[in-house]
Amino acid sequence: MTAPVIDRLRRFQEYILELGLAQAILALPAPRMLALAAPSAEASSAIFAKTITEPEIQEVSRDLFASGHYSLAVQEAYKAVEKFVQRKARAHGLSGTKLMLNVFSADSPRLFWTERKSPSEEDEQKGYMMLYAGAMLGIRNPITHEFNWVEDQDVALELLLFAQHLLRRARSAKAAS
């Protein structure tokens, strides 16, 4: 779209120069310089490698993301988060939203970051409980039950980064004894 416009501008400048109405031609970029190539599989892999660094997510999602299977890459990442939380909280009988509501419960959490003595600490626990439960309900479930829920590379990367954040937060949580 941009290349034809640049070509027309270039021809118009040459015409004005030939007529003697202009003394020089502006240096316009070559049309091919303006056309951004679609990200290649290599570029996608490089973006993934730079941003997704948690081994649990890399292991299950890297190849799927690089090959353009974005829905499956995201699905596997959220399964990795779920499995990590199950193992750390020793909550093997629970899964999905119920698991997250139970493990990060505001009243008696199995995993927590603070002693929840101040309103801010209570809010943090309650907010992350909702984020974990929401991730299972709003991301993992639709991706698991529907075909190609995520087809866009950028959306997939955002969801993978969110999964990575949840995994890191779960890793840094203290486990109730």
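Trainee: Over which ring does the charged end of Arg169 sit, 4.4 Å from its centre?

Mentor: Good place to start! A charge sits over a ring if NZ of Lys or CZ of Arg is within 6 Å of the ring centre and within 35 degrees of the ring normal. This is a predicted model, where local features need pLDDT of at least 70, side-chain atom pairs count only at pLDDT 80 or more, and totals for chains, interfaces and linings use all residues. Residues are numbered from 1 along each chain as its sequence is written, and side-chain values use heavy atoms, leaving out hydrogens and water. At 4.4 Å from the ring centre, the charged end of Arg169 lies over Tyr128.

Trainee: Which residues do ring pairs link into a cluster?

Mentor: Rings of Phe, Tyr and Trp (its six-membered ring) pair if their centres lie within 6.5 Å; planes under 30 degrees apart are stacked, over 60 edge-to-face and the rest tilted. The whole structure has six aromatic pairs. Phe104 and Tyr132 make a stacked one, 4.0 Å centre to centre with 15 degrees between the planes. The cluster joins Phe104, Trp113, Tyr128 and Tyr132.

Trainee: Which contacts does Val85 have beyond its neighbours within four places in sequence?

Mentor: Here, contact means heavy atoms within 4.5 Å. With those neighbours left aside, Val85 touches Arg90, Leu99, Met100, Val103, Phe104, Leu111, Tyr132 and Ala170.
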